[in-house]
Amino acid sequence: MTPGKAFKRVALGLGLVGPMRATTPGEAFLVAIAPILEAVGPLPHARLDTDGESTAPKKQKTRMLKCECATCGYTVRTARKWLALAGAPLCPIEDHGQMEHEPLDDDEGEGDDEGGG
Ligand SMILES: [Zn+2]
(Lines give C-alpha, C1' and ligand atoms only; values in the text may rest on other atoms or scores of the structure.)
Protein backbone atom coordinates (compact mmCIF):
# COMPACT_ATOMS: atom_id res chain seq x y z
CA MET A 1 0.00 0.00 0.00
CA THR A 2 1.30 3.40 -0.87
CA PRO A 3 1.62 6.09 1.76
CA GLY A 4 -0.90 8.14 -0.20
CA LYS A 5 -3.52 5.43 0.05
CA ALA A 6 -2.88 5.01 3.73
CA PHE A 7 -3.38 8.70 4.27
CA LYS A 8 -6.60 8.65 2.35
CA ARG A 9 -7.93 5.84 4.52
CA VAL A 10 -7.07 7.80 7.64
CA ALA A 11 -8.58 10.94 6.21
CA LEU A 12 -11.78 9.09 5.38
CA GLY A 13 -11.86 7.66 8.89
CA LEU A 14 -11.61 11.13 10.31
CA GLY A 15 -14.43 12.36 8.18
CA LEU A 16 -12.29 14.54 5.99
CA VAL A 17 -14.30 13.73 2.91
CA GLY A 18 -15.82 15.91 0.29
CA PRO A 19 -14.59 19.31 -0.75
CA MET A 20 -12.27 20.85 1.77
CA ARG A 21 -13.52 24.29 2.58
CA ALA A 22 -10.62 25.38 4.70
CA THR A 23 -7.77 26.87 2.74
CA THR A 24 -5.35 25.28 5.19
CA PRO A 25 -6.79 21.89 6.10
CA GLY A 26 -3.70 20.93 8.05
CA GLU A 27 -4.03 23.89 10.33
CA ALA A 28 -7.80 23.53 10.61
CA PHE A 29 -7.36 19.93 11.64
CA LEU A 30 -4.81 20.83 14.28
CA VAL A 31 -7.13 23.49 15.64
CA ALA A 32 -9.97 21.00 15.68
CA ILE A 33 -8.12 18.30 17.57
CA ALA A 34 -6.26 20.61 19.96
CA PRO A 35 -9.06 20.70 22.58
CA ILE A 36 -9.53 16.95 22.21
CA LEU A 37 -5.88 16.24 22.81
CA GLU A 38 -5.95 18.61 25.73
CA ALA A 39 -9.00 16.91 27.21
CA VAL A 40 -7.73 13.36 27.02
CA GLY A 41 -4.14 14.11 27.83
CA PRO A 42 -1.47 11.64 26.77
CA LEU A 43 -3.07 9.19 24.41
CA PRO A 44 -2.56 5.52 25.11
CA HIS A 45 -2.53 3.98 21.71
CA ALA A 46 -5.38 1.62 22.37
CA ARG A 47 -7.71 4.52 23.05
CA LEU A 48 -7.58 5.39 19.39
CA ASP A 49 -9.11 2.08 18.45
CA THR A 50 -12.69 3.08 19.05
CA ASP A 51 -14.13 1.99 15.75
CA GLY A 52 -15.21 5.41 14.64
CA GLU A 53 -16.32 6.65 17.99
CA SER A 54 -14.64 9.74 19.30
CA THR A 55 -12.61 9.60 22.46
CA ALA A 56 -13.40 13.22 23.10
CA PRO A 57 -15.75 14.11 25.92
CA LYS A 58 -19.34 14.48 24.84
CA LYS A 59 -20.09 17.92 23.63
CA GLN A 60 -22.93 19.66 25.30
CA LYS A 61 -25.41 20.08 22.53
CA THR A 62 -28.51 21.19 24.31
CA ARG A 63 -28.68 24.91 24.53
CA MET A 64 -30.29 26.04 27.77
CA LEU A 65 -32.18 29.27 27.53
CA LYS A 66 -33.16 31.46 30.41
CA CYS A 67 -36.81 32.14 31.10
CA GLU A 68 -37.89 34.84 33.48
CA CYS A 69 -41.19 35.81 34.99
CA ALA A 70 -41.83 39.42 34.14
CA THR A 71 -43.84 39.87 37.32
CA CYS A 72 -41.66 38.43 40.07
CA GLY A 73 -38.37 37.69 38.33
CA TYR A 74 -38.46 33.95 38.87
CA THR A 75 -35.91 32.44 36.52
CA VAL A 76 -35.48 28.98 35.14
CA ARG A 77 -33.49 27.47 32.31
CA THR A 78 -34.89 25.04 29.84
CA ALA A 79 -33.79 23.47 26.61
CA ARG A 80 -34.29 25.46 23.46
CA LYS A 81 -36.26 22.62 21.96
CA TRP A 82 -38.87 22.82 24.69
CA LEU A 83 -39.29 26.51 24.12
CA ALA A 84 -39.76 25.81 20.44
CA LEU A 85 -42.13 22.92 21.05
CA ALA A 86 -44.14 24.02 24.04
CA GLY A 87 -43.25 27.61 24.70
CA ALA A 88 -41.98 29.18 27.88
CA PRO A 89 -42.92 27.62 31.23
CA LEU A 90 -45.46 29.18 33.53
CA CYS A 91 -44.40 30.93 36.69
CA PRO A 92 -45.27 28.73 39.68
CA ILE A 93 -46.89 31.70 41.35
CA GLU A 94 -50.53 31.86 40.50
CA ASP A 95 -51.64 34.48 37.99
CA HIS A 96 -48.13 35.32 36.89
CA GLY A 97 -48.58 33.31 33.76
CA GLN A 98 -46.04 32.51 31.13
CA MET A 99 -42.45 33.57 31.53
CA GLU A 100 -40.49 35.56 29.06
CA HIS A 101 -37.55 33.86 27.45
CA GLU A 102 -34.46 34.55 25.43
CA PRO A 103 -34.97 34.57 21.67
CA LEU A 104 -34.55 31.24 19.95
CA ASP A 105 -31.64 31.42 17.61
CA ASP A 106 -32.14 29.06 14.77
CA ASP A 107 -28.83 29.26 13.03
CA GLU A 108 -27.26 26.31 14.80
CA GLY A 109 -27.56 23.47 12.36
CA GLU A 110 -26.53 20.63 14.62
CA GLY A 111 -29.56 19.91 16.71
CA ASP A 112 -30.72 16.87 14.86
CA ASP A 113 -29.53 14.10 17.11
CA GLU A 114 -30.56 15.23 20.55
CA GLY A 115 -31.20 11.76 21.81
CA GLY A 116 -30.34 12.33 25.45
CA GLY A 117 -31.72 15.17 27.46
ZN1 LIG B 1 -43.79 35.16 38.76
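## Basis of the model

Because the structure is predicted, local features need pLDDT of at least 70 and side-chain atom pairs count only at pLDDT 80 or more, while totals for chains, interfaces and linings use all residues. Residues are numbered from 1 along each chain as its sequence is written.

## Overall fold

The protein chain has 3 helices and 3 strands, where helices (H or I, at least four residues) and strands (E, at least two) are DSSP runs numbered from the N terminus. Read from the N terminus on, these elements follow the order α-α-β-β-α-β.

Of the 117 residues of the protein chain, 6% count as buried; a residue is buried if 20 or more other C-beta atoms lie within 10 Å of its own, exposed if 12 or fewer, and partly exposed in between, with C-beta atoms placed from the backbone. Among contacts (C-beta atoms, placed from the backbone, within 7 Å) between residues at least 6 apart in sequence, 32% join residues at least 24 apart.

The 3 strands form an open sheet in the order 2-1-3, with antiparallel pairing, and two strands pair if DSSP finds at least two bridges between them. Strand 2 (75-79) and strand 3 (100-101) each have a single partner strand and stand at the edges, so one side of each is left without a neighbour in the sheet.

Strand 1 (residues 64-68) pairs with strand 2 in the antiparallel sense over 5 bridges, and Leu65 has Thr78 in strand 2 as its bridge partner. These two strands form a hairpin with 6 residues between them, and in the turn Gly73 has a positive phi of about 90°.

Leaving aside neighbours within four places in sequence, Cys67 is in contact with several residues, including Thr75, Val76, Ala88, Met99 and His101.

Val40 lies in helix 2 (residues 25-40) and is partly exposed, with 14 other C-beta atoms within 10 Å. The C-alpha atoms of Val40 and Pro57, which are 17 residues apart along the chain, are separated by 8.1 Å.

Notes:
Two residues are in contact if their C-beta atoms, placed from the backbone, lie within 7 Å.
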